Amino acid sequence: MKKVYTCFCTDIIHAGHKNLLRAAAELGRVTVGVLSDAEMVRYNRFPTKTLEERMAMLSELPEVAEVIVQDHIMYDEVLDRLRPDYVVHGSNWAQGPESAIRKNVLAALARYGGKLIEPSYTYNDEVRKIDWQMREQLAMPEARRGRLRRLLDIVPIVKTIEVHNGLTGLIAEKTIVENDGGLDQFDAMWVSSLCDSTSRGKPDIELVDLSDRIQTINEVMDVTTKPIILDMDTGGTAEHFAYNVRTLERIGVSAVIVEDKTGAKRNSLFGTEVAQTQDTIENFSEKIAAGKSAQRTEEFMIIARIESLILEKGQEDALARAEAYVAAGADAIMIHSRAKSPDEVIAFCDAFHASHPDVPIVAVPSSYNTITEAELSAHGVRIVIYANQLTRAAFPSMENAARSILVHHRAHEIDKELLPIKDIIRLIEVV
C-alpha cells in the first residue's frame with residue numbers, strides 16, 4: 001500500500017479532521033504525527049490534553065494505522081525517516097506563518113518524489129463553534145492560572161511581553177513569526193505597573209490602585225488565553241498583600257512579582273538617582289510567607305523581585321536575599337539590573353542556579369538588551385520579560401502622527417506610515 005502521512009496539533013477531533021483522515025485513508029496506509037508539547041506551544045496551540053491523551057485519541061480512529069510523535073514543527077526529519085508517498089494537509093496553510101511549513105514539506109517531498117495532497121479546509125458553524133469553545137476553555141481562570149507552571153515544564157524559557165489593554169493583549173496573543181526553521185510566539189503577558197500607569201497618563205508611583213489594575217487584567221483576559229504575570233510593585237503591607245493574592249488567584253492570574261522595596265514607589269531604572277529604600281530581609285520574607293499562606297491553589301506563583309543590584313548593594317546581598325526569599329516560599333526569583341551589560345545578572349544567575357537548580361529565575365533585559373533568550377537560558381533564566389517595549393513603540397508613532405496632522409492640516413502625509421484600519425479590525429474577532 002502507499003504510505004500516507006499527516007500531522008495533527010489538536011486536542012479534539014471535529015468534522016474537518018475526519019474529512020481529512022477519510023481523504024488520507026483513500027490514498028493508502030495512514031500514519032498520523034502528533035506534534036510534541038513544546039512545538040505545540042511554539043505553534044500557538046497550547047495543549048489542553050497530554051501528549052499521551054492526544055495520541056490515544058487518534059489511535060482509536062478507524063482510518064489511522066499508526067500514531068507517532070512529531071518533535072519539530074517542520075517536517076524534514078519525519079519525512080526523511082518515513083518517506084511517505086503522500087503528505088495530506090488541509091488547504092488552510094497557504095498564507096501567513098504556516099506557509100513556511102508548507103514550503104518545508106514541499107522541499108522535503110521533492111527530495112524523493114513524494115506528493116502533497118491538500119483537501120479543502122472544512123470550516124462550518126460546527127467547526128467554528130468547537131474551535132471557539134476550545135479557545136474559551138483556555139481563557140477560563142482555572143485553565144489560565146496554571147498555564148505558567150505548565151509552560152515551565154514544557155519550554156526552556158517562557159517569553160513574556162508587556163500588555164496594557166485589550167489591543168496589546170491581542171498583539172501578544174496572535175503575533176506568530178517564522179524564525180530559525182520554526183514558528184515562534186510569546187508565551188505569557190506581563191501587566192506592568194509602569195505601563196498600566198503610563199497608559200492612564202499617570203506617574204509610576206503606585207498611584208493606580210488594585211481595582212483599576214484588575215480592570216486592565218479583565219480587559220486583557222476578555223480577548224486572550226495566555227497566562228498573566230502581574231507587577232505588584234511593593235505589594236503593600238503583608239496583610240494587604242495576602243488579601244490581594246487571593247483575589248488575583250481567584251480571577252485567574254498565574255503569578256505576581258513583588259519587589260523588596262518599601263516606602264514611596266519610584267521606578268527601579270532610576271536606581272540611586274532618587275531615594276529608594278530596600279525592605280529588610282525579615283520583613284519581606286514575612287510578606288512572601290503571608291502571600292503563600294493565603295493562596296488556595298498550588299498553581300499560583302509568587303515571584304520575589306530583588307533590587308540589590310539596582311541599589312548598588314552587590315552580589316552578596318542579592319544572593320543572601322534570594323536564599324531567604326526561597327526559604328520563605330517564593331516560587332521564583334527575579335533579579336533586576338539597570339546596567340547596560342548583562343554581566344552582573346549572569347553572575348547572580350550562575351551563583352543562584354548552582355545552589356537552586358529547580359527554582360526559576362526571571363530576567364528583565366530592558367537595559368542590557370543585547371543578550372539573547374538562549375544566552376539567558378544557558379545561565380538558568382526560565383522566564384524573560386520584555387517589560388515595556390509595546391508602550392515605548394506606540395508613543396513615538398502616535399506623537400509622529402499627531403505632529404504630521406498639525407503640520408499639514410490633513411492626514412494624507414502620515415497615512416502611508418499607518419496600519420490600514422481593516423488590518424486592525426481583522427485582529428478583533430466577532431463572536
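Reader: How many salt bridges does the rule find across the interface of domain 1 and domain 2?

Author: The rule finds 2. The model is predicted: local features need pLDDT of at least 70, side-chain atom pairs count only at pLDDT 80 or more, and totals for chains, interfaces and linings use all residues. Residues are numbered from 1 along each chain as its sequence is written, and side-chain values use heavy atoms, with hydrogens and water left out.

Reader: Why is the link between Asp187 and Arg42 called a salt bridge?

Author: The term requires a side-chain nitrogen of Lys or Arg within 4 Å of a carboxyl oxygen of Asp or Glu. For Asp187 and Arg42 the N to O distance is 2.7 Å, so the pair meets the definition.

Reader: Which elements give two or more residues to the side of domain 1 that touches domain 2?

Author: They are α2 (37-42) and α5 (99-110); helices are DSSP runs of H or I with at least four residues, strands are runs of E with at least two, and both are numbered from the N terminus. The largest share, 4 residues, comes from α2.

Reader: Where are the bounds of the domains, and where do they come from?

Author: Domain 1 covers 3-126, domain 2 140-387 and domain 3 393-427; the bounds come from an automatic or database domain assignment.

Reader: What area do domain 1 and domain 2 bury between them?

Author: About 1,400 Å², with 62% on carbon and sulfur atoms. Buried area is the accessible area (1.4 Å probe) that two parts lose on being put together, summed over both. Arg42, Asn44 and Phe46 supply 49% of the area that domain 1 buries against domain 2, more than any other three residues. Asn44 sits in the loop between α2 and α3 (51-59) and has a positive phi of about 65° although it is not a glycine.

Reader: Why is the aromatic pair of Tyr5 and Tyr75 called edge-to-face?

Author: Rings of Phe, Tyr and Trp (its six-membered ring) pair if their centres lie within 6.5 Å; planes under 30 degrees apart are stacked, over 60 edge-to-face and the rest tilted. The structure holds 5 aromatic pairs. For Tyr5 and Tyr75 the values are 6.1 Å centre to centre and 85° between the planes, so the label follows from the definition. Tyr5 lies in strand β1 (residues 3-8) and Tyr75 in the loop between β3 (64-70) and α4 (76-82), so the pair ties together parts that are 70 residues apart in sequence.
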